[in-house]
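Grab a pencil and let's work through a few exercises together. Try each task yourself before you read its solution.

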Amino acid sequence: MTRFKNAESNHPGICPNGAEFEVPEGANLAKALVANGVNIDHACEFSCSCTTCHCYIDKGFDSLEPAEDDEEDLLDQAWGLKSNSRLTCQTKVGKEDITVEIPKYSRNHARENE
Ligand code: FES
């Protein structure tokens, strides 16, 4: 089991108070977020073609499997790309605790004014 904790400076509209929960090793991070009440955008339904599920892994980044080429290519289009950016739909939770921050903006134009 892996403990998951949202960063304190989280997206105000998606998870204003943060969240902390455990998910099994190997779980899909985006699906784990949604299943635990953190309704991160996932416009392409977790198929690695939209970037709306972009997040920062503030703690535990190196414990994750590296991003594959498809994810790296798509990440280049994400808003606010950082060295610890991942697409949550392409990220499997590892053995270590991670802390996730959801960027303030995404490329989901339908949510831009929320
Ligand atoms: S949900 Fe679209 S890239 Fe992750």
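Predicted model: local features only at pLDDT ≥ 70, side-chain atom pairs only at ≥ 80, totals over all residues.

**Exercise 1. Work out how many helices and strands the protein has, and in which pattern they follow along the sequence.**

Step 1: read along the sequence. The pattern is β-β-α-β-α-β-β.

**Exercise 2. Decide whether leucine 74 is buried or exposed, and find what it is in contact with.**

Step 1: Leucine 74 is found in helix α2, which covers residues 69-75.
Step 2: look at the C-beta atoms around it. Leucine 74 has 20 others within 10 Å, and the cut-off for buried is 20 or more. So leucine 74 is buried.
Step 3: skip the neighbours within four places in sequence. That leaves Cys48, Thr51 and Leu87 as contacts of leucine 74.
Step 4: take one of these, threonine 51. In sequence, threonine 51 and leucine 74 are 23 residues apart, yet C-alpha to C-alpha they are 6.5 Å apart in space.

**Exercise 3. Describe the largest nonpolar core and find which element gives the largest share of it.**

Step 1: size it up. This core has 18 residues, and Ala30, Leu33, Ile40 and Val100 have the most contacts inside it.
Step 2: see who contributes. At least two residues each come from α1 (29-35), β3 (54-59) and β5 (98-101).
Step 3: pick the top supplier. That's α1, with four residues.
Step 4: check out alanine 30. Beyond its neighbours within four places in sequence, alanine 30 is in contact with Ile40, His42, Phe46, Cys53, Thr88 and Cys89.

Key. Residues numbered from 1 in each chain as written. Buried ≥ 20, exposed ≤ 12 C-beta atoms within 10 Å, placed from the backbone. Contact = placed C-beta atoms within 7 Å. Core = buried A, V, L, I, M, F, W, Y, C linked by C-beta atoms within 7 Å.
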